[in-house]
Amino acid sequence: MAAELTLQDVRLQFGGITVLEEVGFTVEPGQILGLVGPNGAGKTSLFNCISGHYQPTGGAIRIEGAEVQGARPATLARHGLARTFQHPALQLRETVLENVLLGAHARLPGGPLAWSVRMPRTRRAEQALRAEALELLERHGLSWAAQLPADELSHGLHKGVELCRALLMRPQLLLLDEPAAGLPHTEVEQLIATVRRLRAEDDITVVVVEHHMGLIAALTDRVVVLDHGRKLMEGTAAEAQSDPRVIEAYIGKDAVDDAA
């Protein structure tokens with residue numbers, strides 16, 4: 001079941017530098033929200049706060065009403081959150097299937113100790129997870145690569161493997177960090193179709209950070225635009241693309257004045 005994500009006055013400071021300041025918005029269950037802005041706007045820092053890699057200096061982050069700011073990624077996984085990264089962090093010498101299975105850590109019965117000694121119930125769980133991982137690879141057109149080392153696959157296929165790994169966690173809330181980066185046009189179109197299908201079939205809420213505005217326009221229900229760590233505007237992708245504040249943030253005030 002898709003989860004609601006709420007941010008309220010989220011702040012982040014490193015030393016005396018303010019990276020995020022009073023950022024707030026709500027993503028309704030089942031929505032696809034785009035988080036956009038020029039380089040240095042704070043998008044990745046905000047993603048890191050939501051996914052537990054940074055601890056916010058202030059404010060609240062809630063998943064289905066439960067406050068989760070400052071929680072570790074493993075705890076957030078139990079709240080239904082999964083994340084991909086701009087540069088997939090795969091174990092290149094391990095097989096594709098083994099890389100996907102790394103996404104099952106939040107579903108291990110008995111914890112790491114029971115898993116390491118391979119108690120009977122963990123062996124049964126492992127067999128079930130392997131079957132589920134193979135099904136995900138089949139669903140995303142990667143079953144042929146299940147037993148290949150990850151380093152034999154292209155960058156685009158690495159992103160597909162990482163997505164399968166995230167989906168093995170059975171997320172209710174999925175964060176996608178620049179999923180189209182480095183992909184050719186045809187694969188971007190496939191990515192859009194994949195995320196739409198996930199939302200429709202798996203009932204997942206999706207938040208995506210992306211510079212590819214074509215993807216954002218085609219995929220998202222709403223966008224939040226950040227600039228210098230603050231929320232600049234919130235609306236549809238079309239509204240963002242025509243908003244003078246957004247245009248100025250992307251190309252600069254001087255360029256706007258010259259074009260006027």
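Close-up 1. Phenylalanine 14 comes out as partly exposed, with 40% relative accessible area; buried would mean under 20%, exposed over 50%, and partly exposed is in between (1.4 Å probe, protein chains only). Tyrosine 54 is partly exposed as well, at 30%. Keep in mind that this is a predicted model, where local features need pLDDT of at least 70 and side-chain atom pairs count only at pLDDT 80 or more, while totals for chains, interfaces and linings use all residues. Residues are numbered from 1 along each chain as its sequence is written, and side-chain values use heavy atoms, with hydrogens and water left out.

Phenylalanine 14 sits in strand S1 and tyrosine 54 in the loop between H1 and strand S4 (58-63), so the pair ties together parts that are 40 residues apart in sequence. Those labels are DSSP runs numbered from the N terminus: helices (H or I) have at least four residues, strands (E) at least two.

**Close-up 2. Helix H1 and the glycine after it.** Seven of the eight residues of helix H1 (residues 43-50) are buried, so the rest of the structure largely encloses this helix. The buried ones are Lys43, Ser45, Leu46, Phe47, Asn48, Cys49 and Ile50. Just after H1 you'll find glycine 52, with a positive phi of about 90°.

Close-up 3. Is H6 largely enclosed or largely open? Ten of its 13 residues are buried, so the rest of the structure largely encloses H6. Among those buried residues are His158, Lys159, Glu162 and Arg165, along with Val161 and Leu163.

Close-up 4. Most residues other than glycine have a negative phi. Aspartate 9 isn't a glycine, yet its phi is positive, about 50°. You'll find aspartate 9 in strand S1 (residues 5-14), and at 37% relative accessibility it counts as partly exposed. Aspartate 203 also has a positive phi, near 55°. This one is in the loop between helix H7 (185-202) and strand S8 (205-209), and it is partly exposed at 35%.

**Close-up 5. Salt bridges.** A salt bridge here is a side-chain nitrogen of Lys or Arg within 4 Å of a carboxyl oxygen of Asp or Glu. That rule gives eleven of them. One joins glutamate 132 to arginine 170, with the closest N and O atoms 3.0 Å apart. This pair links distant parts of the chain, 38 residues apart: glutamate 132 is in helix H5 (residues 120-139), and arginine 170 is in the loop between H6 and strand S7 (173-177).

Arginine 62 and glutamate 67 meet in another salt bridge, 3.4 Å from N to O, and arginine 62 is partly exposed at 21%. Lysine 231 and glutamate 234 form one too, their closest N and O atoms being 2.9 Å apart. Both are partly exposed, lysine 231 at 33% and glutamate 234 at 32%. Salt bridges with shared partners also join Arg139, Glu201 and Asp202 into one network.

**Close-up 6. Leucine 215 in the largest nonpolar core.** A nonpolar core is a set of buried Ala, Val, Leu, Ile, Met, Phe, Trp, Tyr and Cys residues joined through side-chain atoms within 4.5 Å. The largest has 47 residues, and Leu137, Leu168, Leu174 and Leu215 touch the most other members. Apart from it lies another core, of 29 residues, including Leu7, Leu46, Leu76 and Leu226.

**Close-up 7. Threonine 95 in its loop.** Threonine 95 is in the loop between strand S6 (81-83) and helix H3 (96-101). At 16% relative accessibility, this threonine counts as buried. Contact means heavy atoms within 4.5 Å. Leaving aside neighbours within four places in sequence, threonine 95 is in contact with Ala146, Gln147, Leu148, Pro149 and Ala150.
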